[in-house]
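Here are my notes after a look through the model you sent.

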Amino acid sequence: MRARTRLSDFWSVSMTRFKQLSLSLCFICLSFSVWSDDLPVYERASLEQAKALEDGVYRIITSMPKRISNAIRIEQQERVEGAGSTQLFKLPAGTDIQAVYKFYTDFFNQQGNLVYKCEQRNCGNSSFWANEEFGERRLYGRDSDQYYLVGNLDLGKEKRWSQVYIVQNGRKDHYAFVRSIVTNEELGANDWIEGFTLDKPSLPPAVVKALNNALLEKKTKRLWIVSANRYESGETVEQSRVRAREAAENFKAALLKQLEVDPERIGIEARGNLAQRPASVSGSSWYVLYLR
């Protein structure tokens, strides 16, 4: 699933011709470039806390932590370098935490790669996960009321590792804690020329750095933000394009705070619902960044 995004020089044709061509033109996703700062959220879960993780080396535990002679022994783990985030979700009272565990397990089995999972006492001591590994005391519960899994999404030049810890704590509150790390992989200028597809108007720090380097290297080219959205019942083409343009303008404003570039070097093309949604994009809107 590594097709290239192909874009016609649509800015040089008239609006009439543009509309005629719109159905035949499509964004074919560069699968490695889709990035999201979170996983699907379980139904009615509320975000209680979110933190950004700076560039660094992080441990991803892929075995049961064992306490031997009052010391924790980790037999299998991954060491990954990158940046990411942690999110603490509070689940509604009465939530079946095993159903939440299945929700995330199914996601990685269907959309990515499930690396490791454990249930209840097979996950070791809840105190270790709450206090030592994740540093969040609200996660402490009985060893029989916990679930843990590790999955990753292979995005070609990037990989996102995610740890999910689900627990009913000592106060009978239900939580899901998610830690995601996007590995640092180098993107070259050609990756931006060919197109960089994403389903949210945000980029991880490593990708922002790569984009800035590409703009410095290709001084005669502009960065184009092409925005599109899914067809909504009752919405006209023009209304959809207005919605897409507003989203692109907001994205541009956010990028200008991160990039060392003249605003004139960032252009916008709002496609609205005239673009075919890439197969790997699950949301109702998406963007393609490219240098031309």
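1. A definition before the strands: two strands pair if DSSP finds at least two bridges between them. With that in hand, take β4 and β8 (residues 174-183): ten bridges join the two, and they run antiparallel. For a spot to look at, K90 has Y175 in β8 as its bridge partner. Do keep in mind that this is a predicted model.

2. β4 has another antiparallel partner to look at. Strand β1 (residues 46-61) is joined to β4 (residues 77-91) by 13 bridges.

3. Now the overall picture. The chain has six helices and twelve strands, and 50% of its 292 residues count as buried. Among contacts with a separation of 6 or more, 74% are between residues 24 or more positions apart. The accessible surface comes to about 14,600 Å², and carbon and sulfur atoms make up 44% of that.

4. Next, the open sheet. In what order do its four strands come? The order is β9-β12-β10-β11, and the pairing is mixed. β9 (196-198) and β11 (266-272) are the edge strands, each pairing on one side only. On average, neighbouring strands here are turned by 20 degrees against each other, ignoring direction.

5. Staying with that sheet, β10 (residues 223-229) pairs with β11 in the parallel sense, over six bridges. Have a look at A228, which stands opposite G272 in β11. Helix α6 (residues 237-256) packs on the sheet and touches β9, β10, β11 and β12 (285-291). The direction of α6 makes about 150 degrees with that of β11.

6. On to the cysteines. How many disulfides does a search of the whole structure find? One, and it joins C118 to C123, with an S to S distance of 2.2 Å. The link is right-handed, with 120 degrees about the S-S bond. Are its two ends buried or exposed? C118 counts as buried because its relative accessibility is 5%, under the 20% cut-off. C123 is buried too, with a relative accessible area of 0%.

7. N125 caps the N-terminal end, with a side-chain oxygen 2.7 Å from the backbone nitrogen of S127. After the helix comes G135, whose phi is positive, near 60 degrees. The buried residues of α3 are S126, F128, W129, A130 and E133. As a reminder when you view that list, an α-helix has 3.6 residues a turn, so residues three or four places apart point the same way.

8. Leaving aside residues up to four places away in sequence, E133 touches R59, I61, F128, Q163 and R179.

Notes:
Residues numbered from 1 in each chain as written. Predicted model: local features only at pLDDT ≥ 70, side-chain atom pairs only at ≥ 80, totals over all residues. Heavy atoms only, no water. Axes fitted to C-alpha atoms, helices over the stretch in contact; angles between N-to-C directions. Contact = heavy atoms within 4.5 Å. Buried < 20%, exposed > 50% of the residue type's maximum accessible area, 1.4 Å probe, protein only. Areas by Shrake-Rupley, 256 points an atom, 1.4 Å probe, with all protein chains shown as cover. Disulfide = S-S within 2.5 Å. Polar contact = N/O pair within 3.5 Å; in protein donor to acceptor, adjacent residues only side chain to side chain.
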